[in-house]
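Thank you all for coming.

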Amino acid sequence: MRSIATHPHPVGWRGLDLLQLVLSALAVAAMTVSMWAALYYAPPASNLAGDEQLAQRIFYIHMGCNIGALAGFLMSVVGSIVYLVKRDLDWDRVSQAAIEVGLVCGMGTILTGMFWAKPTWNTYWTWDPRLTTSAITVLVYLAYLLFRNGIDNRHTRARFASIYALVAFLSVPLTFYSARIFRSIHPVVYGAENVDAQGGFSVGPTMTQALHINLIGFCILFSALLVLRWRQLRNEDAVAELREEIA
Amino acid sequence: MRKKTLSAEPPPLHSAQIDLAAHPIAMRLNGGVFAYLGKVAAVLLKDVRAELRGREIFSTMTAFSVLAVLIFGMAFDLRVPRAEMIAPGVLWVVVLFTGVLGLNRSFGAEVDRGTLPSLLLAPVDRSAIYFGKMLANLLFTLATALVILAVMFFVFDLNLFQPYNLAAMLLGVIGYVGVGTLFAALTANSRARETLLPILLLPVMVPVFVSGVALTASVLDGKAWEDLSQWFGILTAFDAIFIVVAYLLFDLVWEDG
Amino acid sequence: MSEGGLIVARNIVKRYGRKRVLNGVEMCVPQGQVMALLGSNGAGKSTLLRIISGLTKPDRGEVLLGGISTHKAGHEIRRYIGLVAHAPLLYDNLSAWDNLHFFARLYDIQQPADRIEAVLRAVDLWTRRHDPVRTYSRGMTQRLAIGRAILHDPPVLLLDEPDTGLDPNSAETLAQLIRMLSSGRRAILLTTHNLERAVAWADSISLLADGKIMWSASTEGLTPEKLRQAMTELEL
């Protein structure tokens with residue numbers, strides 16, 4: 001249980017390699033379809049014009065990135081809890097991989113949001129609760145990665161990182177809630193109406209289809225990246241272990 | 001409460017100085033809640049006494065906080081017509097940044113002087129150490145906060161010693177040191193302790209910061225309780241959630257040395 | 001107490017990164033006995049003491065104190081351990097009295113004043129009890145560290161090089177303390193580099209090398225010369 005590489009790595013094709021191959025191929029296909037749906041298939045938003053209408057198409061990718069970030073951060077909680085209960089480093093690697101992929105998606109969400117906001121809100125940034133929360137969340141998880149780097153002992157690193165990931169995740173809803181009371185101009189496309197929102201648009205059936213295609217596509221991309229990174233981290237630890245043995 | 005007496009056998013002695021056996025000691029085992037609270041108090045008093053003798057934490061914190069308030073005052077002086085406009089932000093930024101200094105020393109001093117094992121060797125539930133340290137940090141940070149309020153009173157000519165604002169500061173600082181003590185324990189052994197703690201702590205503190213700023217601003221605007229209550233709700237929820245979580249997780253920090 | 005001894009270590013393995021510091025240590029210190037643990041610097045003596053005290057977790061193996069596995073026992077087992085480590089484990093801004101008073105509260109000692117006085121007199125620091133520890137000499141600090149370890153009268157005493165920094169007088173006080181404490185129901189495990197003291201103070205001696213106990217013997221009939229010879233044969 002205290003060994004770092006929990007499973008020896010066999011040579012040749014195994015289940016994980018196949019899963020990896022299938023997921024990667026699926027991800028390429030899914031992203032192709034997603035881009036086609038976002039940029040071509042979805043109709044232009046009828047109530048917008050000019051740059052705003054063009055920029056609206058980023059919404060599909062924005063939401064796709066968003067679901068990737070959400071999946072990553074949720075997955076990290078699962079990984080952290082299971083690690084703290086079972087003390088199996090594979091779950092710590094799940095946590096780390098999920099956070100790394102989630103961070104990429106989170107930064108994607110923020111960047112796409114900023115490119116959309118410039119023509120629509122005439123500014124790249126405002127202190128809207130969603131923007132605030134996403135920025136803070138990205139910072140929290142960047143801190144997670146920095147924190148890991150500072151701890152040498154592999155098991156201590158896993159334990160401390162899991163503790164931090166749990167506390168950090170719990171703070172996100174409170175951050176969002178407090179920022180929302182603070183102020184809001186973000187359009188709420190689904191759910192409650194926000195009378196102050198700017199740049200909103202109504203979603204027709206074809207647009208919903210395009211959105212769903214993107215959400216599914218990004219989920220597949222997320223899974224492929226997660227598995228890839230997870231295996232990479234596993235190999236890293238296995239190499240470190242081998243290096244220790246020959247030293 | 002069981003009492004158990006552990007006594008040494010009468011030894012053949014050369015030195016008259018050694019009379020350990022003359023005082024058999026009684027230890028209270030499984031003392032329950034009061035023994036637990038006694039240990040929390042012991043850790044708290046130890047930190048306070050060490051601070052009174054050594055004057056390392058509080059003096060640094062006050063010096064930094066006074067400096068920070070003055071720098072903010074100067075920085076905004078030309079562009080901000082009225083101090084009320086920046087006071088809430090300045091207050092909470094300075095409190096949060098100053099607090100990190102104290103939190104860093106909380107376990108950092110124990111690690112630097114090699115005294116941490118003495119706490120870990122004691123027959124004490126680790127959470128008692130957490131609460132003791134947390135209360136000590138609470139005390140130091142609140143004392144500094146009062147100094148900050150006093151400085152702001154003179155520099156900005158603003159009276160922030162108002163009941164609602166003081167309540168907000170109390171609740172905010174409780175949540176702050178609640179999480180901060182856990183994180184200080186996490187970073188105490190790390191190479192870049194001093195820089196790492198604020199990076200870990202401040203993003204998690206956003207709800208406290210936002211609520212605190214909103215509350216202080218509302219107090220300055222003379223708003224009624226109805227406008228303040230939801231912010232107090234957030235602060236209370238934050239304190240409750242994170243102190244329970246820290247209590248549950250703190251034991252896991254010390255699994256190996 | 002169990003048949004095997006008050007302090008029992010079973011197959012202790014501890015690795016630090018690349019290095020296997022301890023590789024299957026087996027040891028047993030019976031009640032009423034003093035064992036001296038010898039070994040070169042970095043042989044893992046301190047690590048072993050830390051593991052027995054519960055400060056460090058072994059990668060493999062277990063420690064039994066009075067037949068109870070420290071791994072499974074709750075925090076109450078720590079009441080039965082006293083440790084003198086390399087660091088004095090004392091707060092240098094506080095006085096000797098304040099230090100011991102703090103630990104007395106952590107260990108739930110009733111009427112702490114009597115006990116603290118007895119301990120401070122035993123380690124000959126009673127007159128300096130109100131001075132902060134940072135003003136103490138190396139030897140005085142070491143004596144107070146020993147006082148801290150015996151404050152709660154633990155049956156298991158672990159002394160990591162307790163004689164470093166002690167002048168001959170203090171060393172004699174320490175020798176008396178060890179002799180007195182080893183009588184009866186206690187077990188003492190100490191490390192030292194001084195072969196004469198090891199032979200004089202301990203009932204048995206173990207040599208730690210390559211992560212294992214390579215040699216042990218009773219001190220009955222053992223002279224420092226014979227011990228030195230044994231160490232040379234083991235290339236220590």
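Let me start with a term: buried area is the accessible area, taken with a 1.4 Å probe, that two parts lose on being put together, summed over both. In these terms, chain B and chain A bury about 2,600 Å² between them, and 76% of that is on carbon and sulfur atoms. This is a predicted model, in which local features need pLDDT of at least 70 and side-chain atom pairs count only at pLDDT 80 or more, while totals for chains, interfaces and linings use all residues. Residues are numbered from 1 along each chain as its sequence is written, chains are lettered from A and ligands numbered from 1 in the order in which they are written, and side-chain values use heavy atoms, with hydrogens and water left out.

If contact is taken as heavy atoms within 4.5 Å, then chain B brings 30 residues to the interface and chain A brings 29 residues.

How many salt bridges does the rule find across the interface of chain B and chain A? With a salt bridge being a side-chain nitrogen of Lys or Arg within 4 Å of a carboxyl oxygen of Asp or Glu, the rule finds 1 there. In that salt bridge, the side chains of Arg191(B) and Asp152(A) meet at 2.6 Å, N to O. On the side of chain B that touches chain A, at least two residues each come from α6 (163–187), α7 (193–204), α8 (206–220) and α9 (225–253) of chain B, where helices are DSSP runs (H or I, at least four residues) numbered from the N terminus. Of these, α9(B) gives the most, with 10 residues.

One of the pairs is Arg231(A) with Asp17(A), whose closest N and O atoms are 3.1 Å apart. Because Arg231(A) lies in helix α7 (residues 205–246) of chain A and Asp17(A) in helix α1 (residues 15–41) of chain A, the pair ties together parts that are 214 residues apart in sequence.
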